Every structure is written in structure tokens, then in C-alpha cells.
Amino acid sequence: MLIVVAFFALAWFPLQHLTGKSANADPPQDQHQAAPSQVEAGFTIRMISSHPLKNVYLDHLGKRLLTIKDPGNEAEIERTLNGIIITEQEVEFWIEAELKNVPKSGERPAIQLEMIREGLENTPISVTIWGQSGESRIETNAMIFLPAISN
Amino acid sequence: MQGQMQQLAIAGSGPSTWKALILLIFGIGGFFANPVSSRAALEVATLHPMVTDLAREVGGSHVIVFPLMNPGEDIHNFRPSSADMVKARSADILLASGKGLELYLPRLKKTLSGSTRVIEAGNAVRSVKLSAKDALFACCPEHAAGSIDPHWWHSISGMKRAAAYVAREFGKIDPANKEAFAFNAKTWGKQLDKLETWAKREISKIPRSKRYLVTAHAAFGYFCRDFGFRSIPIAGPSEGNVSSKYLAIAIGEIRKNSVPVAFPEVNANPRALDSIIKTVGIRKGKALIADGSASSASTYKAFMEHNIKVIVSGLAVGS
């Protein structure tokens with residue numbers, strides 16, 4: 001009898017682990033997890049635009065992080081930013097850019113925004129933001145999902 | 001005699017005669033150039049304040065709008081009066097919000113003559129379904145049973161789609177002004193694009209981890225979908241209907257996510273929300289317009305601007 005009870009006891013816990021069930025079921029996973037921790041981090045931001053830029057502004061949580069006026073003929077614009085507050089997974093920017101000229105009809109301007117987190121120089125993350133054909137102004141938000149720094 | 005005849009001929013071809021002849025020629029020409037321009041404007045009876053604004057923007061000078069519900073009235077308790085029914089029956093178009101908001105609409109349709117066309121503006125908008133849990137916090141049991149959130153006007157892109165749809169429907173009834181309706185919808189659409197860009201810029205001031213909207217009832221599904229929020233409604237149509245179990249879930253969500261503020265609603269009973277605010281110890285924000293009906297915000301732009309400003313002032317960093 002004791003052997004039978006011991007057998008079931010030994011089988012019970014591994015089986016629970018494999019099926020993912022527990023006595024008190026958690027609610028279904030949701031888009032929003034428990035409030036994640038926040039850290040400050042430094043980034044290098046690189047921008048590549050399909051059309052020559054007149055100016056670019058980058059905001060984060062309502063604060064102006066970056067102002068670039070008349071970058072000239074730089075094909076790539078690179079800047080370093082420090083003290084950006086991020087959750088473990090994501091950072092959101094608001095970008096406003098004005099092009100030097102109105103794109104031709106049918107041409108949509110695009111800016112590739114690449115972020116390289118300090119300490120993770122070998123894992124840059126990029127996102128492409130798009131403007132509208134026939135408009136010289138791009139205004140949009142951009143979400144970047146970041147790899148976590150493993151300790 | 002010949003001289004008299006000549007004098008008569010000269011008199012008959014005087015300045016006033018020429019003027020009359022010219023006017024007659026222009027009048028006939030004008031008629032043939034645009035034979036239906038003399039059609040009376042479409043008469044549109046509307047059943048929701050936001051739909052009233054939509055009708056005016058899209059219809060412009062080619063419609064006369066008769067709002068049957070005025071800003072500030074309770075959309076869930078509104079029922080058309082006898083005078084409203086007369087107006088509806090005599091209108092060319094009855095423009096409803098749709099998505100089951102107007103529970104009286106099926107009965108109202110049966111009383112209409114065949115010449116009144118019913119248009120449900122919300123048909124153009126992709127529906128948000130109420131989850132089983134949120135259904136308990138819906139504005140009324142009938143809406144929960146239908147499981148479609150009827151508050152589609154919280155989506156700016158949805159309103160733009162509705163404008164294009166209503167323009168096409170107006171154009172079917174008044175083909176002579178089809179292009180005018182389409183032009184108006186496109187023009188208003190550009191203004192809505194600017195409004196949406198502004199809204200997104202404002203909302204970007206709120207960290208994504210803080211985008212929780214604690215409100216009285218589940219009216220913000222479309223807003224949450226479009227702007228990346230999670231809705232935590234507190235109370236249903238009356239406090240007695242909501243079980244303590246689900247109130248406990250709502251309190252748990254607020255605490256787990258460190259939500260700092262709850263928003264009361266214009267026209268909603270604040271008691272349940274006040275008790276939650278006191279229990280959890282969070283701030284009480286300014287009142288939101290949940291149902292699109294407030295005397296202080298009779299246009300769509302004013303309504304959305306009000307809500308965005310209230311939400312950002314409650315949740316943005318530093319608030």
C-alpha cells in the first residue's frame with residue numbers, strides 16, 4: 001500500500017508540471033502582464049531615409065530626445081542617447097520628420113530606425129516607418145521590442 | 001401709319017424687353033445644364049449626436065439634419081417620442097448609429113414608410129466583441145447578450161470609414177450630389193487623419209505599461225483596440241447586477257498593474273467607482289464621455305479631444 005501511494009506521489013508532481021495545470025488556475029494570459037520593471041539605458045540610434053531629410057524630431061514619453069535640423073546629405077544619421085526609460089521588452093518613440101521635397105506620386109517615403117542598446121551592440125533592432133505618397137511630412141509612433149540583457 | 005408701326009417696333013424692342021428675353025434664355029439654359037439641381041436637400045433624421053455630426057459633415061449643404069437625440073441625452077434610455085416618430089417617417093433617411101445600440105430600431109423600422117431609408121453608420125466599422133467578463137460591465141444587458149460592443153465612435157479610423165460609407169449611401173438616394181458627398185467625406189477624412197495623428201502623439205506620452213483604462217462601464221473597447229489600452233470596467237448598469245467576485249477581479253487587476261487613476265463617466269452613476277477608488281486608494285480622474293453624448297462636446301472632434309486630454313492628463317508621466 002505504501003509503495004502504491006509513493007508511486008502516485010512521485011508521478012503526481014511531474015505530471016502537473018508537464019500539463020501546465022495547477023490547483024488554482026491562473027486567468028488566461030493577456031496582452032498586458034504584471035507591471036514590468038523599468039530601467040534606464042543608453043542607445044545608439046541610426047536612421048536611414050529613402051528621401052533627403054530637412055529635419056527630424058524624436059520624442060519619448062512626451063519629452064524631446066533628439067532634434068536634427070538640416071542633416072545635409074548624410075545618408076545615415078547616427079546619434080547616441082542616454083537615460084531612456086524602458087520596460088524590459090519595449091520602448092516607444094514619437095517621430096516627426098520633414099522631407100526636403102515632396103515625394104513623387106506613388107512613392108511612399110520610409111525611414112529605417114535602428115536601435116542599438118548599450119551592451120548589446122551585436123543585436124541591433126530596427127523598425128521602418130512609412131509616410132504617405134505626396135506628403136513631405138511623416139508623423140507616427142514606432143515601437144521597438146528589445147532583447148533583454150541576460151545576467 | 002408706317003411711322004407709327006416703326007415707333008411700335010422700336011418700343012417693342014426696348015431695354016426691358018431685351019432684359020426679359022436674356023433672363024428667359026439663361027433660365028432655360030440653366031435648367032438644361034443641371035436639370036436636378038432644384039431637388040430639395042435630403043432630409044436626414046439622426047439617432048445619436050455623433051451620427052448627427054457625421055451627417056452634417058458628409059451631407060454639407062445638400063442635407064437638412066433633424067437630430068432626434070440631442071447632445072447630453074442618455075443614449076441607453078432614449079426612446080423616440082411621438083413627435084420624433086413623425087419626423088422619422090417624413091425624412092428621406094433615418095441615420096442610426098447601429099451595432100445594436102438602438103434597441104428600439106427594429107420596432108421603429110416597421111412604422112416607417114417605404115420611402116424612408118434606414119442607414120446604420122456602424123455597419124462600416126469592424127466590430128469589437130465583448131469578452132464574457134466585460135459583458136457583465138456592458139452598458140445594458142441587451143448589449144451584453146449581443147456580445148458586440150456598440151460604442152464604435154471611439155475609433156477615429158472607424159468614424160472615417162463610416163463617413164465614406166454614409167457618403168456612398170447618401171449618393172444612392174441623391175445621385176446628382178454623389179460626388180459632393182464623396183468629396184465631403186474625403187475632406188472630413190483628412191481632418192480625422194490629423195485628429196488621429198494628434199491623438200497618437202498625445203497618447204505616446206503614456207508608457208505602454210500604464211495604458212489601463214478604469215471606467216464605469218465597458219464602453220471603450222474600440223478606443224482600447226486602436227490605442228493599445230486594456231479596459232478595466234467597474235460597474236454595469238446598476239450596482240446590484242455586478243457580483244462581488246468580478247469586482248474583486250477588477251480590484252485585483254488595478255492593484256497588480258499599479259493603475260494610478262480611475263475615470264468616472266459623464267451621465268454614469270459614480271457610486272461604484274467611488275467606492276473602488278476609496279478601497280484601492282487611487283486617484284479619481286476627470287469625467288470621460290463614454291456614450292458620445294455630452295452637451296459640452298457636440299461635435300466629434302470636441303468629443304475625442306476631450307477624452308484624449310482627460311486620459312493623458314490622468315496617466316502620462318509626471319501627471
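1. Strand β5 (residues 212-215) of chain B pairs with β6(B) in the parallel sense, over four bridges. Two strands count as paired if DSSP finds at least two bridges between them, and both helices (H or I, at least four residues) and strands (E, at least two) are DSSP runs, numbered from the N terminus. Within this pair, B:Leu213 has B:Ser231 of β6(B) as its bridge partner.

2. A word on the ground rules: this is a predicted model, in which local features need pLDDT of at least 70 and side-chain atom pairs count only at pLDDT 80 or more, while totals for chains, interfaces and linings use all residues. Residues are numbered from 1 along each chain as its sequence is written, with chains lettered from A and ligands numbered from 1 in the order in which they are written.

3. Back to the strands. The open sheet of four strands that holds β5 and β6 has the order β6-β5-β7-β8 (chain B), with parallel pairing. Its edge strands are β6 (230-233) and β8 (283-284) of chain B, each pairing on one side only.

4. There is also an open, parallel sheet of four strands in the order β2-β1-β3-β4 (chain B). Here β2 (63-67) and β4 (117-120) of chain B have a single partner strand each, so one side of each is left without a neighbour in the sheet. From one strand to the next, the twist averages 25 degrees; angles run from 0 to 180 degrees between N-to-C directions, with axes fitted to C-alpha atoms (for helices, over the stretch in contact).

5. Strand β3 (residues 93-96) of chain B is joined to β4(B) by four bridges, and the two run parallel. B:Ile93 stands opposite B:Arg117 in β4(B). Helix α8(B) lies across β1 (42-46), β3 and β4 of chain B, at about 170 degrees to β4(B).

6. Now the packing. The largest nonpolar core has 81 residues, and those with the most contacts inside it are B:Leu54, B:Val58, B:Leu95 and B:Val166. Such a core is a set of buried Ala, Val, Leu, Ile, Met, Phe, Trp, Tyr and Cys residues joined through C-beta atoms within 7 Å. Buried means 20 or more other C-beta atoms within 10 Å of the residue's own, exposed 12 or fewer, and partly exposed in between, with C-beta atoms placed from the backbone. Helix α8 (residues 156-173) of chain B gives the most to this core, with eight residues. Domain 1 (42-128 + 149-197) and domain 2 (200-315) of chain B both contribute residues, so the core lies between them.

7. B:Leu54 deserves a click: leaving out residues up to four places away in sequence, B:Leu54 touches B:Ala121, B:Met159, B:Ala162, B:Ala163 and B:Val166. Contact here means C-beta atoms, placed from the backbone, within 7 Å. Another core, of 17 residues, lies apart from the largest one and includes A:Val56, A:Phe93, A:Ala97 and A:Leu113.

8. On the domains, whose bounds come from an automatic or database domain assignment: the centres of domain 1 and domain 2 of chain B, taken over C-alpha atoms, are separated by 27 Å. The contact takes 23 residues from domain 1 of chain B and 22 residues from domain 2 of chain B. On the domain 1 side, the elements giving two or more residues are α3 (49-59), α8 and α9 (178-203) of chain B. The largest share of that side, four residues, comes from α8(B).

How values were computed:
Two residues are in contact if their C-beta atoms, placed from the backbone, lie within 7 Å.
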